[in-house]
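Have a look at the model first, and then we can walk through it together.

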Amino acid sequence: MLNRFALVLALLFGLAAPAMAQGSLSDSYSGEELVESGREFFGSAAQGLASVVERAVSQFGLPNGYILGEDAGGALFAGARYGEGTLFTRNAGQYSVYWQGPSIGFDIGGDGSKVMVLVYNLNQIQDVLGRFAGVDGSAYVLGGFGMTVIKRANVVMVPIRSGVGARLGLNVGYLKFTAEPTWNPF
């Protein structure tokens, strides 16, 4: 319920504009390829992955990159999230990325997740580096799959998380993607 609310807020604030995979890294991934990569990565937790990927592809089209990784976050009204993963593209290969970012809002709890991030409008690898703003909503006690939308310029990223923890809330924040890990969430 809160994930749908977060998506509606993102659409209202222009954070989730429709995306088309274009540019120099234009070879896109099909929904079937994404689900298969996700199944291999998420393992036994991949039960709801196909429906979440299908929903993302129907709203935003086919991505021309994706990230597989892990992250963790926590909040008591203000919070932070840290993660690391590998960006996969057809034309430029694989690239290690790290992310961190603050959030603020009605948000309490903590979680740890495996993450698949669908990347749209990726022209070059450096397009994923920087701050991506978004709205996130969470409501779970044990875990499950969730999807959010973050955007910078015309690059749109759709993190799909499957994790465990206890989290309730709605927050606004950003994730800063970098080539090197850092503890500074800003």
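## Salt bridges

A salt bridge here is a side-chain nitrogen of Lys or Arg within 4 Å of a carboxyl oxygen of Asp or Glu. The structure is a predicted model, and by this rule the count comes to 6 salt bridges. One of them joins Arg90 and Glu33, whose closest N and O atoms are 2.4 Å apart. Because Arg90 sits in the loop between strand 1 and strand 2 while Glu33 belongs to helix 2 (residues 31-42), the pair ties together parts that are 57 residues apart in sequence. Arg90 is partly exposed, with a relative accessible area of 39%, and Glu33 is partly exposed as well, at 31%.

## A linked network

Which residues are linked in a network of salt bridges? They are Asp71, Arg81, Asp107, Asp111, Arg161 and Arg167.

Arg81 forms a salt bridge with Asp71, with 3.1 Å between the closest N and O atoms. Arg81 is buried at a relative accessible area of 7%, and Asp71 is buried at 6%.

## A buried lysine without a partner

Lys176 lies in strand 6 (residues 155-178). Lys176 is buried yet has no salt bridge, and the nearest side chain of opposite charge, Glu180, is 13 Å away. What does the side chain of Lys176 reach at 3.4 Å? The answer is the backbone oxygen of Phe186. Beyond its neighbours within four places in sequence, Lys176 has contacts that include Tyr98, Trp99, Arg131 and Asn184.

Phe77, in strand 1, is partly exposed, with a relative accessible area of 42%.

Val117 is found in strand 2 (residues 93-120) and is buried, with a relative accessible area of 2%. Not counting residues up to four places away in sequence, Val117 touches Gly65, Tyr66, Ile67, Met157, Val158 and Pro159. Met157 is 40 residues from Val117 along the chain, yet their C-alpha atoms are separated by 6.2 Å.

How values were computed. Residues numbered from 1 in each chain as written. Predicted model: local features only at pLDDT ≥ 70, side-chain atom pairs only at ≥ 80, totals over all residues. Heavy atoms only, no water. Helix = DSSP H or I, 4+ residues; strand = E, 2+ residues; numbered from the N terminus. Buried < 20%, exposed > 50% of the residue type's maximum accessible area, 1.4 Å probe, protein only. Contact = heavy atoms within 4.5 Å. Lys, Arg positive; Asp, Glu negative; His and termini not counted. Polar contact = N/O pair within 3.5 Å; in protein donor to acceptor, adjacent residues only side chain to side chain.
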